[in-house]
Amino acid sequence: MKYYDKLIFELSKKGRIGFSLPECKEGETSDSIPGNLKRQSPPDLPQVSEPDVVRHYTNLSQMNFGVDTGFYPLGSCTMKYNPKINEEIANMPGFQALHPLQPDSSVQGALSVYYGLDKALSAITGMEHFTFGPCAGAHGELTGLMIMRKYHFLRGDMKRTKVIVPDSAHGTNPASAVSCGLDVVVVKSDAEGLVDVDSLKPLLDDTVAGIMMTNPNTLGLFEKNIKEIAALVHGCGGLLYYDGANLNPLLGVARPGDMGFDIMHVNLHKTFSTPHGGGGPGAGPVGVSKELVDCLPVPRVVRNDDGTYGIIRSDKNSAGTVSGFMGNFGILLRAYAYILMLGKQNVKSAGRLAVLNANYIKESLKDCYKLPITGLCKHEFVFDGLIDDGSRDATPDSEEIKGVTTLDVAKRLLDYGFHAPTIYFPMLFHQSIMIEPTETESKETIDSFITAMKKIAEEAKNDPDSLRKAPHLTPIKRPDETAAARNPVLTFMDEKNAVRI
Amino acid sequence: MSNFAYFPHTDDDIREMLDRIGVGSVDDLYGDVPADFMYRGDFGLPDAMSEQQVREFFEKLDSKDSKLKVFAGAGAYDHYTPAVIPYIVSRSEFLTAYTPYQAEISQGTLRYIFEYQSMMCILTGMDAGNASLYDGPTAAAEAARMALSCTKHKTRILISRTLLPNVIDVIETYSGYHGIQLGYISEDKGQTSLSSLNSELSKGDVAGIIVPGINKYGVIEDLSGYADAVHDEKGVMIEYCDPSSLAVIKTPGDWNADIAVGDGQSLGIPLCFGGPYVGFMTCKKEYVRKMPGRVVGETRDSDGKRCFVLTLQAREQHIRREKATSNICSNESLMALFVTVYLSLMGKEGMKRVNDLSYGKAHRLYSGLLETGLFSDVFHRPFLNEFTLESKIPANELQRKLMDAGFFAAIEVGEGLVSFCVTEKRTEEEIDALLKTVKEVRL
Amino acid sequence: MSKVIDGLLYSESHEWVKVDGDIAVIGVTDFAQKEMGDITYVDMPEPDDEVSKGEDFGALESVKASSDLYSPVSGTVVENNEALADAPELINKDAFANWIIKVKMEDMSEVSDLMDSKAYSDFIEKQ
């Protein structure tokens, strides 16, 4: 990767254009808009030619790491390969040209994608039906909790205002709960890293709307007491929400619906291979059990008796409307294509190979990195920093030497051509390194990652200063994030339009 | 294990890996999963398709959709997409990257987000913006929540009845669960009523108002006096705007709004049956730390080189958990790139031209429809590319007839009212053909 | 070792209080600023805002963390330290010299359960 320092604004030169549009004919233009409604001066956007634009963004792209450039062991993010055929399908001109409000009869092909994907996801997860409005995982969580609340409301059960969230949960869980107007009650993990059933019991009463669980949890551990937990939560009248962020290890292996979960979301951009796009667009469809189908948001696609597809646009039992139209259709197309290529033959390998890869890395590195929780993991696992981080206590003759941190390890990995794992999460440990390989990584790739991690462990002992300054080979060195937050510069500034926040 | 192009494991690989782990089979890795949860069926899935089969499957589905010329808007606009954009946004380095947590190897993503934030501020006349939200309606719902935290001891958000119906639906859904009280500003002949606003404001509990720049009828709203009225009551003004039009009409900044939200789809993003689009949010500088979502800022690396990072993260869910400004994390980053490349290509002049062309063509259709005698203008207010007429032909019948002739037009936006939208992409021949079809509709 | 100053009162959530008549001058301790690392922003209440003992009145932010500030007393904010708006790092430089808010106390007896410097030193020793 090479450093490239321009912003598009800095390429701008008065008089250059990068568009190709016909001249306006004689007659009316937007100049006819009354003066009191008209913009006074045109927006100061860049004036650049088409080649300028192409070269600029190509140069920017070359400072980026993606799944297509290398291994991305980012825990809880499921960075699997994004098949190229999916892109071609999503870019088919017919699909691209459909207006979201076209009459149902004119979009039967598109509606059948919703129907088919609903059926496939329902079968894979053990749910009854899905809604496709949510555009991301966190959006799915919020939608799922809305459905949960609506279900209780419809039963006249108004006092269920609490939701139980394990202390190991993703930050989105408590944030989604609050967005949905629920109070968060945290349940502890036990010594094994699982939800502590004894701590859960006293929290359960008739004010509990439900529990949000990630299974396997963020430590990569299967919540093996799920049957008991489901019985307890259902026993107090609550519902079980499944955070699909960690669904991948169960893909083709086991179904949340069979475990007693009532509501779940699926991150299509994790488990179902759609690209992350540098932070979206994703899709977070939400599935529910039979009892909750009426609460699904609208609009919702259904199959009519005559075999055509239609859209339910309003329903008094529905939890509401969670996005502008029918979700990220382009992402749904990609996920559906992936599922059809998996088919019944390949679907059973996906989760299993991901779990194989994770356990292989864990077992290969546990002599260099602290493994706070031993035993089988699922798709991911967590180290708590280096076993020998190079730190030495002060002796009468020497100063104390501080150890190499997880941040240093992560930054050094970039030099070796790997993306860093998720770091400092989960917060149950101080030096968390959360590693998730996926099923699309070969043994050779994983072996070279293991080799790099071992080398870094050696460097921590022998050359800790170099590690603290890593990375050395990337387009930029460590950025000053403190300065960025203290004096935020959030827009391009020339002298004319400088805005200090 | 299966033999599949995306899974690189050979049988030997699997054997060696299992040996290192010390288990006998892959299913032994699931020893902690209760046996009755291990699914033994075939998930009701069909046989795995080859790449060619899957391509043909979708081509067949695609052929079942009618290819219509779009003369409708209502929150989704059929603008031309320059050829450059798909090439740039499909570059693997952008497409297959995660959220730019590791700044050292994510400067591409971080730089375009910074450019995007800058361009959205230029368009909206605001000081700062975030890295994107899901879509316009969810951005409006997030803004309602933000308004409560920008003001103290205020509980109610007023929304204009002239907002697009799907925007109102999403605000109502989000607010209902979050516990935000809503009030409504009524409509006065196709525009948000200032007197209705004033009477609601006088109740003293209003944290913010949400009003459209261009409303559901296509009317360019005259928002003079709205910000003053809200500010007098110590509330904030949120404008829901169409970013393309802001190149030629007054901006939220011009109206002295505090927060601007909307959907970036009109900046060249294909209709794609409603998504992916991109929600945007910009605001005045005093409210930056109340914004939801990711924000990119400029800084220096340890060698002093200019670089960009995710910043102000202490607002966000991964740090603040239940006290975060929102639960959002993944947004619509790649669509923000889409918009950034579009605005780079169009630039200062191109954005004016797009609006000029749309204005001229929309007014041509407007005049033509009035000449048929089947329509009348009930509002007589300025519009840009979308307008609403009273129709003598029942809306659903009109829409059906037009669809049979290959057009999608005439969305019902009120009792007897239908809306049309004409972008620069429609040709004069298409406009004339639509008019001809209308004239042939028998009453 | 974190600095502790005699003559101030301390809370378990690491705020210090200097009582000046019915005004409580409130800041965070040296221990707290060390735990936070580089402070990037101080979220403070405005004058005339009410604060309640034990409830959060603002937050300290660093790049990767946020820590709520809990009021050791109840009352009305009379002033916030505007210098911190531009230079939050002042707290890192000297946490005791840079107060955050001044509160006009409702109930002077509320300070009686706060720790003195000796008790607080012992308290942070055990952290």
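Contact here means heavy atoms within 4.5 Å. This is a predicted model, where local features need pLDDT of at least 70 and side-chain atom pairs count only at pLDDT 80 or more, while totals for chains, interfaces and linings use all residues. Residues are numbered from 1 along each chain as its sequence is written, chains are lettered from A in the order in which they are written, and side-chain values use heavy atoms, with hydrogens and water left out.

**Exercise 1.** Work out how many residues of chain C are in contact with chain A, and what area is buried.

*Solution.* Start with the contacts: eight residues of chain C touch four residues of chain A. Next comes buried area, the accessible area (1.4 Å probe) that two parts lose on being put together, summed over both. For chain C and chain A that's about 520 Å², with 51% from carbon and sulfur atoms. Asp38(C), Thr40(C) and Val63(C) supply 65% of the area chain C buries here, more than any other three residues.

Last, look for salt bridges (a side-chain nitrogen of Lys or Arg within 4 Å of a carboxyl oxygen of Asp or Glu). You'll find two between these chains. Arg486(A) pairs with Glu89(C) in a salt bridge, their closest N and O atoms 3.7 Å apart.
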